[in-house]
Each structure stands twice: as C-alpha cells, then as structure tokens.
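Here is a short briefing on one protein chain. Look over the sequence and the structure first, then read on.

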Amino acid sequence: MAYSLYLCSLNFVLTMNLISDINIISQDTSPAQADNVRTTGDSNTGKKRKLYIESYGCQMNFADSEIVSSVMFDAGYDTTSNIDEADVVFLNTCSIRDNAEQKVRHRLFHINNAKNRRPEMVVGVLGCMAERLKSKFLDEEKMVDLVVGPDSYRTLPALLNEVDEGQKAVNVFLSREETYADITPIRLNNNGVTAFISIMRGCDNMCSFCVVPYTRGRERSRDLPSILNEASELINQGFKEVTLLGQNVDSYKWENEHGNVINFALLLEQVALLSPLLRVRFSTSHPKDITDDVLYTMARYENICNNIHLPAQSGSSSVLKRMNRTYDREWYLERVQAIRRIIGPDCGISTDIIAGFCGETEEEHQDTLSLMHQVKYDYGYLFAYSERPNTPAAKKYIDDVPEDVKNRRLTEIITIQRQSSHESNLRDIGKTYEILVEGYSKKSEDFLQGRTSNNKVVVFPKKHYQKGDYLEVKVLDCTSATLLGESI
Ligand code: SAH
Ligand code: SF4
Ligand code: F3S
C-alpha cells in the first residue's frame, strides 16, 4: 500500500497529449512517486517496426525507458501508443514492494490475451523484476519471450534477433561500469520544459528492507562531461529544468584523467553554471551522505532549487539500526537543522517513511509520528513495509507487525503528513514566488500551473503566459495539495 502526498502529480497528467515518441504508462514509486499513468503518442519516422513500452517504478526506471527507446530506435523501431499494432511490447518493471510486482503480473495477464490473438508479437520484461526473477520469469509467465536486466539494454537488438530465430532470450548481467553515458535518451512524456538526467546507477547501501542493490547492482557514477553535454543539449532544445537522478546522489564521485575528483557538490555547481535560466533539482539524498558542502552550493546558486528529498524511513533510532540506514534520529534532525540554517527555513523537505518494519513497537512508531511533527515535512511518500525475498531484513528478521497494525500506523502517518502539507501551504498564502510554468492545469485550459523553487505546484489564470515562462505569482489560496495564485 502506498500513499503519496507529492504535489506535482498534476504535472504528468498535463503532459499526456504533448509531444511524444513512445507509449509510456508509468507508475512511480520513488521521488516522483505519484501513482500516475503517463501516455505518449506515436512516432512515425518511417521505421518498419513498432515498439510499445510501459514503465513502472521510480524516475530512474523511467529514465531507463528513454535509453531503451533510443537503443530500439537505432535498431529500426518507431513507437506506438496502441499495443495492438506493436511488434514488440516491453514492460519496464519495479520490485520495490510486492504490490509493484503484482501490478506487472496483472498487466502480463492482459497482454497474454493480445499475444493469443497475435502470437508473433514479442513480449519482453525489463527492469528490476527481470533482474530479480531472471530466467524464472520464463517458467512462470509462458508468453514472455525475453527478460532483460537494467544493465543489459545495449544487447536488446541482439536478443530480439534470438527471439526472431525462435529462442527465448535472457540477459541479466549486472555491470560495474555501465552508465549508458554515450546514449542520448529519447525524451518521453516530454513537456519541453523539465527533464531528468541519470547521474549514477546502482546502490552500495545495504538498507535491510531494500531490493534495489540486488536489482540494480553496484553503485557507479557517470562521467561529468557526458552529464554536462546532456544538460547543455537540453538547454539548446529549450528545456528550463533538469533533475539529476540517482539512488543516493550525495555519493556521486567521478575522477578525471588528472586525478581530480568531482563530488556531488562540484557536479551540482557545474550544472548550475551552465545557465542561470536552467533550474536544477536532484533526488535522492541519503541523510548519511548529504554534506554541508552541498547545502552551501545550493545556497550559493539561485537556480539550484530549494528542495531536498531526504527520506527518513523511521523516526526511531532502534528501527533505523535494524533498517541499517547507518544514521540515527539525532543525526537526521541535525541534517534537517543544517538545511534550514544554511539554505533557509523555506527550503522544501520531503521524506519517505515505512510503517510497520520488522519488530516495530508502538513506541517506535510513536517516534516516527513525533519526528514528523518536529520536521513538518512539505511532502511525504508513505508506505507499509513489504518484505522482499532475500533482502537482509527477510533473512534476519521476522515480518511480524500484523497487516491491520501496519495499515493503522500508515493511516496515522498519512494523517499527520496531510495536515503538515496543508499547514505548509497555508503559510504560503500572501507570499510571492517565482515559478516556472510547466503547462495547463489538470482541470482547465484557462489555467496554467508551475512550480516554486521549493517544489510546490501553483495553479493560476493563464492570461498570456506559456509553458517555459518564469513569472512571479502571489499565492491567494490553497488546498492540501496545491497553491492557487495569480500572476503579478
Ligand atoms: N534510494 C532511496 C530510496 C529508493 S526506494 C533512498 O535511500 O531514500 C523508494 C522508497 O521505497 C524508499 O525510500 C522506501 O521508503 C520505500 N521502500 C523500499 N523498500 C521497501 C519495502 N521493502 N517496503 C516498503 N517500502 C519500501
Ligand atoms: Fe535502497 Fe537504501 Fe539504496 Fe535507497 S539507499 S536504494 S533505500 S539500499
Ligand atoms: Fe526503481 Fe523499483 Fe527498481 S523503485 S530501482 S524500479 S525496484
């Protein structure tokens, strides 16, 4: 069960009918963790074959689908939003919680009907679930023709050739080097204003509940020049905002040929210096790794947005220890204080929280509630613990909090977050913010919406403004999810 109070979900709905290359239905589970369906249209560049992709999971998975589209475009595939005309169907999957995997199984069940009608249609499972289940997938889901893990997308054309020759194909090799740095992603769900750039892959943290280190492999950072090139190209195409993506961006580390080490603070600075008109965001920050250096860099550059996604997971030091998060409550609160001291009290802070982790007592749960009261998060992604096979927690602890208790605790967490988001929005009434316009509001084409630096969505009357504009808006009213304003 997941609940998202992320305010930007409107954004994706907006982009639905805009410029598009491929069909993506995306259900996110991480920083941009809104349960959204994103669809894009068709590309007709005259290629012989058609590809249809659905993406599940986090922004990193979504960014991977853009890499896959690029590899497939070079191999002769246009894209389609209609599964019935696709030669190849890919599901780019997520394993983070059991329900993420169940969604994919349900989809495969439906896709099976399409495959029965058109047996020549190739069905491939990509991403984290492919990596976790490997060739077992082929035994469990008979209509799947190919299973490809996150580091093997370059081999997709060769694997499809094997399938054409009547074989099933699997490649779940995890690499220590692959960053796809040289592949220009084909931008999907493109609103022409905001884009994501992957700066690293994998994760070396062993949070005991988490499947990611097993599905994504070892952490590796992409080289600085290729990141700067990608950002510059986006600027040239008119994009106004980039979000640098990684499971733990604060551990970004790349060494150039002279032995100079670029850390995340330096990378952020380099991207920010490309253009004062480019907004820079990033996600996700691990509380153990976010340095004052990064915070000072954020404070120094106006165009680095004042917003930090800093997942706490729990407010109890003993639970954090069992989770192997390697920080405790005091450390976490000190980092929050540092953010407010160095960047300012207006810096947006969001979190991820897991309710009902193994052995969580009522008192430990109360510690999470009190942390939430103390920090007053602007947004939260809130989950009930879901045991993942073969993770350290599955091996070491018993998933012993009953489902009804987990759900009750999750509900309490949601209630506090909702209040806190609403209070945060109420405090903004009367204030003026610079926003970047992302497109029409969800409900009406007479209204536009944009985001403040601290990541709040503001809806306002359209007048003569267009997406991509920067403008000042005064906040007049709010809901718990959105600010309502007018341009000044
Ligand atoms: N790298 C990010 C998190 C990526 S996964 C970080 O360290 O913060 C996104 C979120 O999913 C996590 O922050 C966590 O809150 C949640 N999550 C991960 N594994 C989970 C599990 N087994 N059960 C429930 N939620 C989980
Ligand atoms: Fe998972 Fe922890 Fe890595 Fe985040 S930092 S992806 S929660 S192991
Ligand atoms: Fe992302 Fe899900 Fe994999 S959250 S890294 S797609 S397990």
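Is Asn455 buried or exposed? Asn455 counts as buried, at 2% relative accessibility. Buried means under 20% relative accessible area, exposed means over 50%, and partly exposed is in between (1.4 Å probe, protein chains only).

This is a predicted model: local features need pLDDT of at least 70, side-chain atom pairs count only at pLDDT 80 or more, and totals for chains, interfaces and linings use all residues. Residues are numbered from 1 along each chain as its sequence is written, chains are lettered from A and ligands numbered from 1 in the order in which they are written, and side-chain values use heavy atoms, with hydrogens and water left out.

**Domains**

- The domain assignment of the protein chain gives domain 1 (41-171), domain 2 (194-425) and domain 3 (428-487). Such bounds come from an automatic or database domain assignment.
- Between the C-alpha centres of domain 1 and domain 3 there are 37 Å.

**Salt bridges**

- A search of the whole structure finds 35 salt bridges. The term means a side-chain nitrogen of Lys or Arg within 4 Å of a carboxyl oxygen of Asp or Glu.
- Glu101 and Arg132 pair through their side chains, at 2.7 Å from N to O. This pair links distant parts of the chain, 31 residues apart: Glu101 is in helix α3 (residues 98-117) and Arg132 in helix α4 (residues 127-133). Helices (H or I, at least four residues) and strands (E, at least two) are DSSP runs, numbered from the N terminus.
- Glu101 is buried at 4% relative accessibility, whereas Arg132 is partly exposed at 23%.
- Arg154 bridges to Asp182, with the closest N and O atoms 2.7 Å apart. Arg154 sits in the loop between β7 (146-148) and α6 (156-164) and Asp182 in the loop between β8 (169-171) and β9 (194-198), so the pair ties together parts that are 28 residues apart in sequence.
- Arg154 is partly exposed at 36% relative accessibility. Asp182 is exposed at 57%.
- Glu438 and Arg451 form a salt bridge, their closest N and O atoms being 2.9 Å apart. The partners are 13 residues apart, with Glu438 in strand β19 (residues 432-440) and Arg451 in strand β20 (residues 447-452). Both Glu438 and Arg451 are buried.
- A network of salt bridges links Asp64, Asp151, Arg201, Arg216 and Arg220.

**Surface charge**

- A patch of negative charge on the surface gathers Asp42, Glu85, Asp87 and Glu120. Patch residues have over 30% relative accessible area and no salt bridge; like charges are joined within 9 Å, and nonpolar side chains (Val, Leu, Ile, Met, Phe, Trp, Tyr) within 5 Å.
- Asp42 lies in the loop between β2 (26-28) and β3 (49-57). Asp42 is partly exposed, with a relative accessible area of 35%.

**Backbone and loops**

- Asn455 is not a glycine, yet has a positive phi of about 80°. Asn455 is in the loop between β20 and β21 (457-461).
- Lys376 also has a positive phi, near 55°, in a residue other than glycine. The loop between α13 (362-375) and β18 (379-384) holds Lys376, which is partly exposed at a relative accessible area of 41%.
- The peptide bond from Ser283 to Thr284 is cis, with omega near 10°. Thr284 is in the loop between β15 (279-283) and α10 (292-300).
- Thr482 lies in the loop between β22 (470-478) and β23 (483-487) and is buried at 13%.

Notes:
Areas by Shrake-Rupley, 256 points an atom, 1.4 Å probe, with all protein chains shown as cover. Lys, Arg positive; Asp, Glu negative; His and termini not counted. Charge placed at Lys NZ, Arg CZ, Asp CG, Glu CD.
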